[in-house]
Amino acid sequence: MIRRRQGWDLTALLNAAHPQAPLAERNLWLVRLIEWLRHAPLKDATNKEAGKDTAKDAGKDVVAAEPAAPSAPLPVRRLKYLLHLLERHPEHARAFAEVIASVWADVDAISLFAEVGFAPRMALWNEFLGRLRRRLLPLSADTRDLAELFELLFPHEADEQWINAVDDELLRRLGLLFAGAPEGDWREEMRAAITVLVSSVRSAGLSGALRVRMDPQKLVSRPFRNLATAWEQVEHALVDDDRASLPGRLQYLRGLLDECRAAVRSVPDHLEEHGVSVDLMFGVEQMQARLRRVEDLLAVLLAPHPQRELLRLVADLVAVVHDRRSIRTLFARHYSLLARKVAERSAETGEHYITRNREEYGDMLRRAGGGGLVIAGTTFMKFAIAAIGLSAFWGGFWAGVNYAVSFVIILLLHWTVATKQPAMTAPALADKLRHIDSDAGLQAFVDEVAHLFRSQAAGILGNLALAAPMVLVVQLAAWLALGKPLVGAKEAEHVLHALTVLGPSLFFAAFTGVLLFASSLIAGWVENWFVFHRLDSAIAWNPRIVATLGASRAKRWSQWWRDNISGLTANISLGLMLGLVPALLGFFGLPIEVRHVTLSTGQLAAAAGALGWDVLKHWPFWLCVISILGTGVLNVGVSFFLAFKVALRSRGIRLADQKRVRAAIWARMGRQPLSFLVPPKG
């Protein structure tokens, strides 16, 4: 009986080699043989196997395994021992070769060369589900699919290394072992695999989704249309051994492959300009990988001594198998371009939030003050909704609508909410990191940090400077007109209890920073979707819309939506998340609330207006003031940090010289501390 792992017995394995056994048993025998190569200490196993063979063969001279280089991987050393043993025992060698030849004859080898590493459909989420299935569900050795059997044979990433470590002498000895096997079988399967790959590339290249996004100049010679015919001519030359026509036909085929590759490479350029689709990027990568596989298979077929090329191909297939199992790699690779486009669109918007002179600084203060006025009204609407006593969901929903409407009004009036700035300005700042290698670039980056810090301070100051006084004015007016404030003492006491720094307010503020960041991602994604599907063009040129609005108005609407789709999405999504997310989390027993610095300031001002001037004499009020200061820092800091990290990763920027950047910023603070708060003159 063959034991598992390190206890597997080589003699038992060789005795179990039966070419006439069912295919499932032969497949399982191959899996166990590769496991024997991969596991168990060589020295002990060698002595054990040699001793057993000596006893079994009644005095036959079975010498110890050949010495191998100490640096050689264990599987290579064990393979050398196995070959040495088979060379000493022809009966085992014959059965060994016959089993492997019979497996090759019974399985579908085309799938190994043409399908390993490729998704059956050009869709990212279908590939995700396929990878998830392969990770969760076990594979069966009862299969005719060589691609599936290949995954069972080489389940470890380290297999690629030891396969590549097989030397030429070992390859020669392996070739002698299978000298009696049919020579043309693997070549025929490989040619069929190239036919499958060429058909897939041709079909994908002619599909509308990719074809219309390729550079027309790259398609002048119709490379995708001619690819199949060119390969058929090369295949006929290979089968007929037509050495005279093969070089010319091969040159033409490789020229078409290069043209196809150039056309495929032009697709991301189009997506960069007109919006990104992760499914299209996935299709582009699949086409590029298929073109590389065609080249790899041609290299094997055309090599005068193909053993080394074939071995390299097997090692590459092992790497592809393991790369295709990784779900994290799948999304990291294909969402990087989308993340970059989202970050770039945020950076374009973020430029409007950065002030670089006194005129822009004053404008920021005025726009932030306008935003504070609207937030004052939002504060009273929040208390009104809470007073109705709705259920948790509907209370959260209408609170979210209140926030969203307020934020949209602020957007349409060209005012600003300070906490919306960090997630937009972080990508703009990250883009400046590309040039910090030089001293001038580093100083420009420090200048941008100062501009950003100053702009953020102006935004918060403008919001709070008008939000709190306006709430107090309304409370005072209610006292004078109605004899009582709009927000009563009971609600005021609740505010002081909820906003205190001694409670979880700072944690809630950090969580709100995450929502602020998430709204910027949603805005970038929706804008990319809007541009990718050319909805601005549809609004401007759709016959029904043009007939309804008129040509000039349709164009104005088109441009308006193109300019404002990101801002509308960001503000609506943020407002709804601020209201709904706490309600939904409460359904799952997570008592999480939101703490927005401007809204919290408005609530505290309303509480002060209800309780009167005496509230200033008590610590609970000042604990809330401290909490609001921390809320502002965490709202801004968390959203900025997350957006900055995404921007860095999406652009492939690594901040290696962090110490140099920090030193430059501290030097500016020591030399010009006011530059981070007040714009320079001139």
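This report describes selected helices, backbone angles and aromatic contacts of a predicted model.

## Basis of the description

Residue numbers start from 1 along each chain as its sequence is written, and side-chain values rest on heavy atoms, with hydrogens and water left out. Because the model is predicted, local features need pLDDT of at least 70 and side-chain atom pairs count only at pLDDT 80 or more, whereas totals for chains, interfaces and linings use all residues.

Helices (H or I, at least four residues) are DSSP runs numbered from the N terminus. The expected span of a helix is 1.5 Å times one less than its number of residues. Helix H28 comprises 15 residues (597-611) and should span 21 Å; its end C-alpha atoms are 21 Å apart, in agreement. Of its 15 residues, 14 are buried, where buried means under 20% relative accessible area, exposed over 50%, and partly exposed in between (1.4 Å probe, protein chains only). Gly612 follows H28 and has a positive phi near 85 degrees.

Helix H5, with 17 residues (90-106), should span 24 Å, and the distance of 24 Å between its end C-alpha atoms agrees. Buried residues of H5 include His92, Phe96, Val99 and Val103. The C-alpha atom of His92 is separated by 9.4 Å from that of Thr11, 81 residues apart along the chain. Thr11 belongs to helix H1 (residues 10-15) and is buried, with a relative accessible area of 10%.

Most residues other than glycine have a negative phi. Arg222, not a glycine, has a positive phi of about 50 degrees; Arg222 is placed in the loop between helix H12 (208-211) and helix H13 (223-239).

His414 likewise has a positive phi, of about 65 degrees. His414 is in the loop between helix H20 (392-412) and helix H21 (421-431) and is exposed, at 60% relative accessible area.

## Aromatic contacts

The whole structure contains 16 aromatic pairs. Rings of Phe, Tyr and Trp (its six-membered ring) pair if their centres lie within 6.5 Å; planes under 30 degrees apart count as stacked, over 60 as edge-to-face and the rest as tilted. Phe154 and Trp162 form a tilted pair, 6.5 Å centre to centre with 50 degrees between the planes. Phe154 is buried at 9% relative accessible area, and Trp162 is buried at 8%.

Phe393 and Trp394 form an edge-to-face pair, 5.1 Å centre to centre with 80 degrees between the planes. Phe393 is partly exposed at 38%, as is Trp394 at 45%. Phe393, Trp394, Phe397 and Trp398 form one aromatic cluster.

Key: Helix = DSSP H or I, 4+ residues; strand = E, 2+ residues; numbered from the N terminus.
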